[in-house]
Amino acid sequence: MGKGCFYYCTNLSSINIPSSVSAIGEGCFEGCQALDNVKIPANVTKLADNCFSECSSLTKIVIPSSVKSLGFECFCRCSSLTSIVLPASIDSIGRMCFYNCTNLSSINIPSSVSAIGEGCFEGCQALDNVKIPANVTKLADNCFSECSSLTKIVIPSSVKSLGFECFCRCSSLTSIVLPASIDSIGRMCFDGCKNLVSITCLAHKPPVADFQAFEDFAQISPDCVINVDLKYK
């Protein structure tokens, strides 16, 4: 199925993709605002850039274990999507993949994933908890920016850096534990986390934090405590 094949077919509400299909092009279903569910054939190995971007009625999608990667803005602005199951075959999630999926409240990120792109979950206002797989080494810029319902996130010891505005305006986040592996915290990483009261840093050597990592600290709780390893000299 070619690039932009059904681009902005705004009244397309259903489609049967035959099992013979092995490739779905960039922006294939972009802007299909009436499309509410899709089953991806078992021969497809990648969901290309913008594949289902702005499918605002999409509530269900079945992704087979043949799919290895999700492209740039793959499900961007799929505002009716509340949950999604990613198969264990997925190894990378592209930039802004779930950007502004405002009703996405839960997602399983399989242990096979090693890369989560910039702005991947930015604006996912209903997302309340996330567990990062142990193969991920970096949380990219804007990764969880404006996830205003996020109360819990588990960061594994594989993660070494937190990008620009990584948790910016996560207004429901009250505490966070930074593993010993963290060596850098990006600019405005926790900007606007107004209910953040506890940051625990497990690193023996404090990470390098951009001077604006806690920009607008007035918007972070005045009772916020940053716990560090006192053994470090």
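Tutor: Two strands pair if DSSP finds at least two bridges between them; strands (E, at least two residues) and helices (H or I, at least four) are DSSP runs, numbered from the N terminus. The model is predicted: local features need pLDDT of at least 70, side-chain atom pairs count only at pLDDT 80 or more, and totals for chains, interfaces and linings use all residues. Residues are numbered from 1 along each chain as its sequence is written, and side-chain values use heavy atoms, with hydrogens and water left out.

Student: How many helices and how many strands does the protein chain hold?

Tutor: The C-alpha atoms of the chain fill a box of roughly 60 × 30 × 25 Å along the principal axes. Its secondary structure comes to 0 helices and 17 strands.

Student: Which residue in β14 stands opposite S161?

Tutor: Another open sheet of 4 strands runs in the order β10-β12-β14-β16, with parallel pairing. Its edge strands, β10 (138-139) and β16 (208-209), pair on one side only. Strand β12 (residues 161-162) is joined to β14 (residues 184-185) by 2 bridges. The residue opposite S161 is S184.

Student: Which residues form the covered face of strand β13?

Tutor: Strand β13 (residues 175-178) pairs in parallel with strand β15 (residues 198-201) over 4 bridges, and I176 stands opposite I199. The uncovered face of β13 carries S175 and V177. The covered face consists of I176 and L178.

Student: How many residues does the largest nonpolar core have?

Tutor: A nonpolar core is a set of buried Ala, Val, Leu, Ile, Met, Phe, Trp, Tyr and Cys residues joined through side-chain atoms within 4.5 Å. Residues with the most contacts inside the largest core include F52, F75 and L162. Beyond its neighbours within four places in sequence, L162 is in contact (heavy atoms within 4.5 Å) with residues including L139, L178 and I185. The number of residues in this core is 65.

Student: Is S145 buried or exposed?

Tutor: S145 lies in the loop between β10 and β11 (152-154). Leaving aside neighbours within four places in sequence, its contacts include F121, E122, C166 and R169. Buried means under 20% relative accessible area, exposed over 50%, and partly exposed in between, with a 1.4 Å probe and protein chains only. Because its relative accessible area is 0%, S145 is buried.

Student: How many disulfides does the structure hold?

Tutor: A disulfide is a pair of cysteine sulfur atoms within 2.5 Å. For C101, the nearest cysteine sulfur, that of C78, is 5.1 Å away; for C143, that of C166 is 5.3 Å away. C143 counts as buried because its relative accessibility is 0%. The number of disulfides is 0.
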